[in-house]
Amino acid sequence: MPITARKVLQFVGRTARELVVDTAWPLASTGPMKESRERLLALRDSYHGQPGLVIGNGPSINGQNLGRMTDFVSIAANAFFLKSDSIGAHPTFLTVEDPLPAEDNKERLKAYSGAIKIAPWDLRGTLGDSSDYIYCNFWRTYAPFAGSRFPFYSDDFARRVFWGGTVLYMNIQLASYLGCNPIYLIGVDLTYHIPSSAKIEGNIITSTEDDPNHFDATYFGAGKRWHLPETERMQRCIYFAYEHLRERGIPLINATAGGNLHGLPRADFDTI
């Protein structure tokens, strides 16, 4: 898609804001920034050696026994509250990193209880401060500067977290920071269909009908906004996380039922 002057200015502005936050983050001595940093520091290795479960939102999870997520340190994302409603169970953590689902689901996200909620600092204006929200120093705009080294991976979630084209990348970084070992993935289908009725402006899609790509038809249903899916980038980032964690002795295992994620060892979720 064409790069306009407006997009360049937006990128420069966002990068400048991220640099300001990154500088202030370790220095904050009072206020919400210090509080979030200290709460993240307290989570380091807090689940050392326990199995982690990073839950994607693909339709494949409808065929898996999600009641088992209580056997793991579980990390879900975005509108997983829809699944919690139907199964009556909550993940250990619920995250959101994309501004669009954060804005479109902000009231449900604010009201959701039963999980520790984590989001990037730049979404604080959308989600607000509450006792169960922890914010992190999240870098969205580093990719053009990283070049062939993209993506980066953070082993220190309390200091800085890196974007990787999908909230799953943030959640894998969180799982390893918590000390989880091994880490399992489910619901990572990496299959998307954009309905012909969808309205597309730039890289933003606005749905006008049911969502065929997630576990619930209302997930990105009529009126909800989402970004054009870049499955190759998602694949690249998740595989990078796999290689990075393998070097640290932490297996990252794909327990998705089917799906198009390649390169990771697989396991049957029902038997792990």
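Start with aspartate 45, which is partly exposed at a relative accessible area of 42%. You'll find aspartate 45 in the loop between H2 and strand S1 (52-55). Its phi is positive, near 55°, and it isn't a glycine. Keep in mind as you go that this is a predicted model.

Now jump to asparagine 78, in the loop between strand S2 (73-77) and helix H3 (81-87). Asparagine 78 is another non-glycine residue with a positive phi, about 55°. Buried or exposed? With a relative accessibility of 10%, asparagine 78 counts as buried.

On the peptide-bond side, select phenylalanine 150 and proline 151: the bond between them is cis, with omega near 5°. Proline 151 sits in the loop between helix H7 (143-146) and strand S7 (161-162). Then try asparagine 181 and proline 182, joined by a cis bond with omega near 0°. Proline 182 is in the loop between H8 and strand S8 (183-186).

**Stop two: helix H2**

Go back to the helix that aspartate 45 follows and select residues 31-43. At 1.5 Å a residue, the 13 residues of H2 should span 18 Å, and the end C-alpha atoms are 19 Å apart, which agrees. Colour Met33, Ser36, Arg37, Leu40 and Leu43, the buried residues of H2. Look down the axis: these residues fall within an arc of 115°, so they line one face of the helix. What covers them? Show helix H1 (5-24), strands S3 (93-95), S4 (116-120) and S5 (133-136), and helix H8 (167-177), which are included in the cover.

**Stop three: rings**

The whole structure has 19 aromatic pairs. One is tyrosine 142 with phenylalanine 162: edge-to-face, 5.0 Å centre to centre, with 65° between the planes. This pair links distant parts of the chain, 20 residues apart, with tyrosine 142 in the loop between strand S6 (138-139) and H7 and phenylalanine 162 in strand S7. Both residues, tyrosine 142 and phenylalanine 162, are buried.

Next, select tyrosine 153 and tyrosine 169: their ring centres are 5.9 Å apart and the planes are at 90°, so this pair is edge-to-face. Tyrosine 153 and tyrosine 169 are both buried.

For a group, pick Phe80, Phe215, Tyr219, Phe220 and Trp226, which form one aromatic cluster. Finish at arginine 68, whose charged end sits over the ring of phenylalanine 269, 5.1 Å from the ring centre.

Key:
Residues numbered from 1 in each chain as written. Predicted model: local features only at pLDDT ≥ 70, side-chain atom pairs only at ≥ 80, totals over all residues. Heavy atoms only, no water. Helix = DSSP H or I, 4+ residues; strand = E, 2+ residues; numbered from the N terminus. Expected span 1.5 Å × (residues − 1). Buried < 20%, exposed > 50% of the residue type's maximum accessible area, 1.4 Å probe, protein only. Arc of directions from axis to C-beta. Contact = heavy atoms within 4.5 Å. Phe/Tyr/Trp six-rings, centres within 6.5 Å; stacked < 30°, edge-to-face > 60°. Lys NZ or Arg CZ within 6 Å of the ring centre and 35° of its normal.
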